[in-house]
Amino acid sequence: MSRLDCEEAVAHLYDYLKLELTPDLVEEVRTHLDRCCDCAGHARFEQQFLQMLEARVSKETCPNEVRARIVAALRAAARGS
Ligand SMILES: [Zn+2]
């Protein structure tokens, strides 16, 4: 039996998706999402949003690695000359 209303479920949604809730709260949020179409839709949207953010973060690490490699190569070249 869940005591969460929609407002509370949405308030916990971010932590729920980031797996940062206590097991009791996870269960309460999950129970609410099972019963409530509005919040379930909201959860799906938030999840896609988080996945998009994570995808973007992992994409942005690539240029940094490339840049670091270029800097290292330049330093090596400067040392060599
Ligand atoms: Zn709801």
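1. Is D5 buried or exposed? D5 is exposed, because 12 other C-beta atoms lie within 10 Å. The cut-offs run as follows: buried means 20 or more other C-beta atoms within 10 Å of the residue's own, exposed means 12 or fewer, and partly exposed is in between, with C-beta atoms placed from the backbone. D5 lies in the segment before α1. Along the sequence, D5 and C39 are 34 residues apart, yet their C-alpha atoms are 9.9 Å apart in space.

2. A word on the model and the numbering. This is a predicted model, in which local features need pLDDT of at least 70, side-chain atom pairs count only at pLDDT 80 or more, and totals for chains, interfaces and linings use all residues. Residues are numbered from 1 along each chain as its sequence is written. Helices (H or I, at least four residues) and strands (E, at least two) are DSSP runs, numbered from the N terminus.

3. R3 also sits in the segment before α1. R3 counts as exposed because it has 8 C-beta neighbours inside 10 Å. R3 and A72 are 69 residues apart along the chain, and 57 Å separates their C-alpha atoms.

4. Next, the helix pair. The axes of α1 and helix α2 (residues 23-35) come within 10 Å and cross at roughly 120°. That makes α1 oblique to α2. Axes here are lines fitted to C-alpha atoms, for helices over the stretch in contact, and angles run from 0 to 180 degrees between N-to-C directions. Angles under 35 degrees count as roughly parallel, over 145 as roughly antiparallel, 65 to 115 as roughly perpendicular, and the rest as oblique. The crossing of α1 past α2 is left-handed, meaning that the near helix is turned anticlockwise from the far one by less than a right angle (clockwise would be right-handed).

5. Which residues meet across this pair? From α1 come A9, H12 and Y16; from α2 come L25, V26, V29, H32 and L33. Contact requires C-beta atoms, placed from the backbone, within 7 Å. By class, the contact of α1 with α2 has 6 nonpolar, 2 polar and no charged residues. Ala, Val, Leu, Ile, Met, Phe, Trp, Tyr, Cys and Pro count as nonpolar; Asp, Glu, Lys and Arg as charged; the others, Gly among them, as polar.

6. H12 is found in helix α1 (residues 6-17). H12 is partly exposed, because 18 other C-beta atoms lie within 10 Å. Leaving aside neighbours within four places in sequence, H12 is in contact with L21, L25 and V29. H12 and E28 are 16 residues apart in sequence and 9.8 Å apart in space, C-alpha to C-alpha.

7. Now V29. Beyond its neighbours within four places in sequence, V29 is in contact with L4, A9, H12, Y16 and L21. V29 also belongs to the largest nonpolar core, whose 7 residues are A9, L13, Y16, V29, L33, C39 and A43. The elements giving two or more residues to this core are α1, α2 and α3 (37-80). The largest share, 3 residues, comes from α1. A nonpolar core is a set of buried Ala, Val, Leu, Ile, Met, Phe, Trp, Tyr and Cys residues joined through C-beta atoms within 7 Å.

8. Check L19 on the backbone. L19 has a positive phi of about 60° although it is not a glycine. L19 is in the loop between α1 and α2. L19 is exposed, because 7 other C-beta atoms lie within 10 Å.

9. Last, D24 in helix α2. D24 is exposed, because 8 other C-beta atoms lie within 10 Å. D24 and A11 are 13 residues apart along the chain, with 15 Å between their C-alpha atoms.

Terms used. Two residues are in contact if their C-beta atoms, placed from the backbone, lie within 7 Å.
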